[in-house]
Amino acid sequence: MFTSANASAESEKFNILFLNSYQNGYAWSDDILKGVRDVLNSSGLTVDLHIEYMDTKRFQREEFMDILHSYYAYKYKGYKFSVIIVSDNNALNFMLRFQDSLFPGVPVVFCGINDFKPSLIGDRENYAGVLEHPDIRANLNLFLRLVPGLSKVSVVGDNSVTSRAIQAQIRQAEPDFRDTLTFDYWNDLSLDELLAKARNMDRDEILLFTPFYKGAHGELFSAEEVLEIIYDNTDVMISSVWEFLLGHGIVGGKLLSGIEQGTQAAHMAVGILKNGQMPRIRVVTPTNERFMFDYNVLERFKIDRALLPDDSVIINTPDYFYKLNKQVFWNIIVSILVLSLILVMLVISILQRRKVEKRITAQLSFQEILMDTLPLLICWKDRDQRYLGANHSFTDFFEIGLPTSIIGYSDSELGTDNRFAAQAAVWDRKVIETGRPILRISWAMIREGIDPVWLEINKVPLYNERGQVVGTLSTAQDVTLRVNLEKQLLQSQKMEAIGTLAGGIAHDFNNILTSIMNSVELALSDIEEGTITWKDLDRAIKAAQRGSRVVKQILTFSRPSQEGFKPTDIGEVVQETVDFIKASLPRNIEVSAVVPDGAPLVMADPTQIHQVIMNLCTNSFQSLRGAGGSIVVALTTVEVGDEQAQFMRVSPGVYLRLEISDNGPGIDVDILDKIFDPFFTTKGKAEGTGLGLAVVHGLVKGHGGGISVSSSPEVKTSFEIYLPVHGQLRDVVHASLGAIPHGQENILFVEDDEDQLETTPRILESLGYRVTALASPQDAFQAVLEDPGRFDMMITDYDMPHTNGIELARMVQDVAPELPVMIVSGRRTVLSYLSDEDAGIINVRKVLMKPYNKTIIADAVREVLMSPEKIDG
């Protein structure tokens, strides 16, 4: 029993949460919500409906579900719901997983659920709902009647939770048609692949479309978009079992209604609120599916309507004149006679006619002004592809004069861009021949001396009064900013993935290098200096140090360190680097620096900035070395606005712009969005590795900056680097500790790696310390618990089984708050974990990054023992 009672239900205000699996505007779930609203509005109850869109068609990862859980927990903390209605499988799975921590005990009514099994809700007494169980068998039997010789059904879907559930229902029906039909499942195809396969289908095959479509490359389409594209570009018959898809290309069938799903779920919820208890039948399946069909599709495939079930609903049927009843017919006849009389009177009245003409002229003038105000490029042509008109945006873009001056001319006579004009002619002919529009065409307009402009083009047929195609209307929109933002996002995602991989490799490799360096140092202390063995070991330790630098280089383009950051005069770095480059370049290449006086200091690593300039100047040199040219390195202070900041994924504000430009052959537009990819190169095998620009990208992002590229062949190819100015200056330089320090303190060393557990304590003991080495964090905590004052310092690895170094430090802090802790790790992300103010860990004085040698760990230990406060890692 729940708290609601029938006697007081109508006077109480109820809070209801509607949790939608998908996004606002998705037709199926919008229909469900409409059904819910209609029932709640007519229930007589006072209801406050809260709607949450989970948007799981676009975002499905576990991390996103955890973020939603945290968001709802924060948003609805202390909030009490009377009933929760969940729409579709993803929302139900989310509620089953998190309800106990979000809304414990609240009744849950679900709807739109595919492939339901009672075990899904188990013994949860507060769950009830409506299943989305399409009648697959009835639809397949229907199509066997409608399509002569039907032999194959191809099911289109993706790997989303709902799509997989729908496909499972289809597979359950397969055995009933084993002797007549074969089934093929197309999952996660790109739109091009889907169209290609559909065009190769025979007349004895149909497509069975599920309303969840995600392309193989992660692109999302609405089900209606995909259906219309397939319908317009193939000759295959498309079927489905959902009412909201009717009118977008499917022939029809026995269809499920989203409104009915929402209506039944809302009735359950109202019953719970009024009666105070769950419904007697907790899980129901709708039985009122209707046979519905699209007249246009039936006509296209010449399907005899006599084959359709009785009481079938047909949409898009034409309104035939002879079907009108007599009363309506005579009403129309009388209206026509009256209108004819009025028309005669208007024709007789010359003055009235002039007024009408003036009004029409004013309307045309307004339409012309409106057309010229639109930012779209608009033009219309006749069947011979001669211009009938255009707006100012179109003629200004192509620089072909005024709109009135192009009427009657073709593209060849106007001298427009030849490549674009040729392709536009192909599109126009196709529209005229087929009578079908061509929508959302992407085209890169490339003109000399100007950055490429991306256009999204639509072409539709123009009809005369007899319905004949007499020309085409074309619109184009400049979507360059959107395309560039998409490329920037893709680049950031690729770099993030590579950074994650590099971080994992670096962690394991740093552990190996630490063991090698410590072991070799211990061996060197036991061998007389100058011997052959001593020299061999010395070479080994130098090789290990080089390996450490290689690891740092790998991390440079993924998560660059800020260890060497300090207030830096970038102008000095530019001048020094240019002076160095000049000495190494041939005389046919001129290098110059443009550095203004008084440029602000920025927080930067001078060595990394030097590397950025060297890498970009080297690229310029390699493009100029044949014919020669000039390289300019310029520094300016600029204000970055919101639009530019969004493009570079930085914050708006004041930046130092470092521009490296040359007048070489430039960068091909086809590879412009790939140049920062690691290992991508257009050079020969002996000329480069493809890491140069990837490292530059990583270094710039590590400085909190942005980078943009533009290229006009033989004019100017420019890399612009933006480094933030405000809020960046701070002192990060630590004083050197001098010679290797020694000590006598008692140190607790915790490390699960056997090699380091063997070597590092011996290194510390050689410095005079007393060391207790343990491999288990639990044993280390027990040792501190038994005698909190025994140790002067604890050194612990971060990555250990069961408990990491930060958690061990937190445990030790509770029993020995004065015991300083130093964490060693091969992951730089540990620094960000400790920077969280809510961590509450104050005994961690330093984070020491692997690999380390005797000198490094000796300095770090003395730093921790001598400093009462936290030291930057």
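T395 lies in helix 12 (helices are DSSP runs of H or I with at least four residues, strands are E runs of at least two, both numbered from the N terminus). A word on the ground rules: this is a predicted model, where local features need pLDDT of at least 70, side-chain atom pairs count only at pLDDT 80 or more, and totals for chains, interfaces and linings use all residues. Residues are numbered from 1 along each chain as its sequence is written, and side-chain values use heavy atoms, with hydrogens and water left out.

**Exercise 1.** Work out whether T395 counts as buried or exposed, and what surrounds it.

*Solution.* Start with the cut-offs: buried means under 20% relative accessible area, exposed over 50%, and partly exposed in between, using a 1.4 Å probe and protein chains only. T395 comes in at 1% relative accessibility, so it counts as buried.

Next, look for contacts (heavy atoms within 4.5 Å). Skipping neighbours within four places in sequence, T395 touches A390, I400, G401, L402, P403 and I406.

Then check the side chain's polar atom: it sits 3.3 Å from the backbone oxygen of G401. For a polar contact, you need a pair of N or O atoms within 3.5 Å; within protein, one must be able to donate a hydrogen and the other to accept it, and residues adjacent in sequence count only if both atoms are side-chain atoms.

**Exercise 2.** Find how many cavities of 30 Å³ or more the whole structure holds, then describe the largest.

*Solution.* Set up the search: on a 1 Å grid over the protein atoms alone, a cavity is a set of points where a 1.4 Å probe fits but cannot get out, and lining residues have an atom within 4 Å of a point. Points are joined across faces, edges and corners, and the volume is the space filled by probe spheres set on them.

The search turns up three cavities.

**Exercise 3.** Classify the residues that line the second largest cavity.

*Solution.* That cavity's volume is about 40 Å³. List the lining: I609, V612, L658, L699, V700, H703, I721 and L723. Now sort, with Ala, Val, Leu, Ile, Met, Phe, Trp, Tyr, Cys and Pro as nonpolar, Asp, Glu, Lys and Arg as charged, and the others, Gly among them, as polar. You get seven nonpolar, one polar and no charged.

Key
1 Å grid on protein atoms, 1.4 Å probe; cavity = no way out; pocket = protein on both sides within 12 Å on 5 of 7 lines; lining within 4 Å.
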